[in-house]
Amino acid sequence: MEEVNQSAVSEFVFQGLCNSRKLQTFLLLPFSILYLMTVVGNLFVVLLIISDHHLHSPMYFLLANLSFVDFCLSSVTTPKLTTDFLKDIKTISFGGCMSQILCVHFFGGGEMVLLVTMAYDRYVAICKPLHYSSIMDRQKCIWLVVISWIIGLLHAMSQLAMILNLPFCGPKVVDSFFCDIPLVIKLACMDTHTLGIVINADSGVLATTCFILLMISYTYILITVRLHSKDGASKALSTCTSHITVVVLFFGPCIFIYLWPLSITWVDKFLAVFYTVITPLLNPAIYTLRNKDIKNAIKRLIN
């Protein structure tokens, strides 16, 4: 079946963000700058945390992993999107499309679980400060990160397994700028309605479960700290605001795309750009602008 697929449809064609040639030319520079800022920002955070011993703590270990995942997630789609602005016909090979699907769900699923891990870290730090060092030891931190990568890989493999051997024998135009599963399965030469529901449920359940766990965790943190101190709520809010902001920015578009029953093309494209291009750029800025330790580390680096 795989040989038939690849011989019948050897490549897919992207519609891209828009049809206007002038607008595509205009968007080339902004998206190139955005990607460059994403790469520099996220890799800078990773290298800063590795090089500064003051940042060798569980929270920053997890933050370094988040920045690396954001760099990888953005690199799966943004370079191709940017170079396609220069092309009239935007093609991607069948293997390249399947690889893109695998990587998007691998890094995206891994980031969801990693954000839950970061929420757990903040819960222990704020609600059980005396036991923090014993609970969040180095070995547990490493295992939590490994588990997030494993869950991301299992999620990606389950998504890919459901579409890899579909019969693609004719239509090959994907109305997006990357291989998004809901759009790709529409091109299969069979009824994929039930399969589409299963695939959306797979992604939707993971995203919704992680989001609910995150909201419960941060709500519990605020309630618990408020009960123990008058100004506890403000301190907890200050500590968790950056985390909550990143959670909303990342999960909002994902949940909307996979759980919203109606598909509006321009809305889907906007949200796809948001979580693959904009969010990976905003994450390092959100964490560094609100974090005194990161600011002090940058000052030490400069001086």
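In which helix is Phe107 found? Phe107 is found in helix α4, where helices (H or I, at least four residues) and strands (E, at least two) are DSSP runs numbered from the N terminus. The structure is a predicted model, in which local features need pLDDT of at least 70 and side-chain atom pairs count only at pLDDT 80 or more, while totals for chains, interfaces and linings use all residues. Residues are numbered from 1 along each chain as its sequence is written, and side-chain values use heavy atoms, with hydrogens and water left out.

Phe107 has a relative accessibility of 12% and therefore counts as buried; buried means under 20% relative accessible area, exposed over 50%, and partly exposed in between (1.4 Å probe, protein chains only). Leaving aside residues up to four places away in sequence, Phe107 touches Val69, Cys72, Leu73, Val76 and Trp149, a contact being heavy atoms within 4.5 Å. The C-alpha atoms of Phe107 and Leu66 are separated by 9.9 Å, although the two residues are 41 residues apart along the chain.

Cysteine pairing was examined next. A disulfide is a covalent bond between the sulfur atoms of two cysteines. In the model, a disulfide is assigned to a pair of cysteine sulfur atoms within 2.5 Å, and by this rule the count comes to two disulfides. When the bonded cysteines of the protein chain are numbered in sequence order, the pairing is 1-3, 2-4.

Another disulfide joins Cys169 to Cys189, with an S to S distance of 1.9 Å. Cys169 lies in the loop between α6 (138–163) and β3, and Cys189 in the loop between α7 and α8 (193–228), so the pair ties together parts that are 20 residues apart in sequence. This disulfide, too, is left-handed, because the torsion about the S-S bond of Cys169 and Cys189 is about -135°. Cys169 counts as partly exposed at 47% relative accessibility, and Cys189 is partly exposed with a relative accessible area of 35%.

Cys72, one of the residues that Phe107 touches, has its sulfur 8.9 Å from the closest cysteine sulfur, in Cys103, which is too far for a bond. Cys72 is buried, with a relative accessible area of 12%, and Cys141 is buried at 3%.
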